[in-house]
Amino acid sequence: MTTSLSAKQALDDLTLGARPDGRTLLTADWVLAHEGQGHVLLRKGQVVIEGGAVVFTGHDFPGEVARRIDFGPALISPGLIDLDALSDLDTTILGIDHFPPWKKGRVWPLSYVERGPYEMYTPEELAFQKRFAFGQLLLNGITTAAPIASLFYREWGETVAEFDAAADAAGDLGLRVFLSPAYRSGGMVLHGPGDMRAHFDEARGLQGLEDAATYIGRQAGRFDGLVQGLLAPDRVETSTLGLLQASVTKAEELGVKVRLHMAQGSMEVNTVRALHGDTAPVWLARNGLLSDRLIAPHATNATDEDLALYARHGVSIVHCPLVSGRGGSSLDSFSKLKGMGVNIAMGTDTTPPDMLMNLLVGLVTCRMNDGTADKVSCRDFFDAATLGGAVALGRDDLGRLAPGSRADIAVFGLDDAFMAPSIDPITTLVTGGSGKVTRAVFVDGRLSMRFGEVAGIDMAQAREQAQAQFDRLIAQYPARTWDHPPVEEIFPPSYPAREAPHG
């Protein structure tokens, strides 16, 4: 038997980005293991990993191990699953205090479309953004992600080249991803103040689908299975029926899921009703397109009829409470959907990609919508961030720590000076934690992050590069904003700003 080392010393002795040789025994004050149908908390529990798998959870492991790592006052948890994970530079934060969206560069004006849309980022910038975003996910204890990015800054859809780079980034950093380039058959165009209309080019959307399918055929299974496929039509109001039917057919052929944003905002609801006479879920159900193959963020604007259809057809929703709440909407409600039998997964969809913060916002907004605190618990949200995501993906080897599951592990510190003492680690993390207390992350047995250091990227240096790209992006906003005002009018500061004196 080996001597137990401090977590910092033991992790420093391992190669970042690699699987440790032999069996590694992890222990902490708390382990969230999986037994039977759900999670259980083990005091002073143990997790043993070998290669890419968990081989033991419990107490008093009887076998030999190559090393023991004791994390002390911490929770060893299944890695968190984020099915709407930001993979570009977040611009939703630009809309927090700047209204209305059509006046603040959030919808293409007709004048811009007539001149011809163009890419606002270079291929190198797009590749960097995936790597930077994936590093941020790992820093927050997220081990599985389905990337999401805005198409507003693109000529049309996402490109195969940037997703080749995304797959390489996932492999280099050690993040499990389900992805392919997003595509669409249309987009919203601003014809006048507040007058937003859908413009369609179905052939272009179908070509994007074919490109995505080819990508999945070429990339799925790389890096010991870390890279897997997912079809991602952009959103329901920018998709024709033909594109969605073709997407579902192709997904069945490939054996992958389809993620489609719908029931998420008034613009979408109004557009889909004008085009198809119903809400998006009703329209899709009428055409036989709802099933357990579908993953549907965000459901904040779903009607009771929509939710009943989700439950009946096995659709999983992705709950992103932080980004929804910042925009003034919320899921009504988590407890109601859970009671209806709808599978709920979690997503972040914004900066920061802090899943623990999202769990707290979700808990608060659910209780506000319910008008009571007794219909939902911290445990329900932690289940959604682990088991709910695994169900949505159809992967019973993710989102749990049990013999035979993949060794996707997040270690959360419970002794941070800003956190209150507690007898229950789940309540402590959901109500008072944040991604900043993540101590270490293993993905498929690989050490992907340790004490703020991410494999394959210098995150401090990358943050400076991200700021420079963001500054260049903001400078281009006037061209894509109605009436082309200067940046200072589109995004005025919160308080009057004074320039530094010269000389």
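How many nonpolar, polar and charged residues are in the lining of the largest pocket? By class, this lining holds 19 nonpolar, 18 polar and 10 charged residues, where Ala, Val, Leu, Ile, Met, Phe, Trp, Tyr, Cys and Pro count as nonpolar, Asp, Glu, Lys and Arg as charged, and the others, Gly among them, as polar. The model is predicted, local features need pLDDT of at least 70, side-chain atom pairs count only at pLDDT 80 or more, and totals for chains, interfaces and linings use all residues. Residues are numbered from 1 along each chain as its sequence is written, and side-chain values use heavy atoms, without hydrogens and water.

Two or more lining residues come from each of β13 (186–192), α8 (266–276) and α11 (321–326); helices (H or I, at least four residues) and strands (E, at least two) are DSSP runs.

β13 pairs (at least two DSSP bridges) with β14 (residues 195–200) in the antiparallel sense over six bridges. Gly 192 has Asp 195 in β14 as its bridge partner. Two residues lie between the strands of this hairpin, where Gly 194 takes a positive phi near 75°.

The second largest pocket contains about 630 Å³ of space. α16 gives the most to its lining, with four residues.

Conventions. On a 1 Å grid over the protein atoms alone, a cavity is a set of points where a 1.4 Å probe fits but cannot get out, and a pocket is an open set with protein on both sides within 12 Å along at least five of seven lines; lining residues have an atom within 4 Å of a point. Grid points are joined across faces, edges and corners, and a volume is the space filled by probe spheres set on the points.
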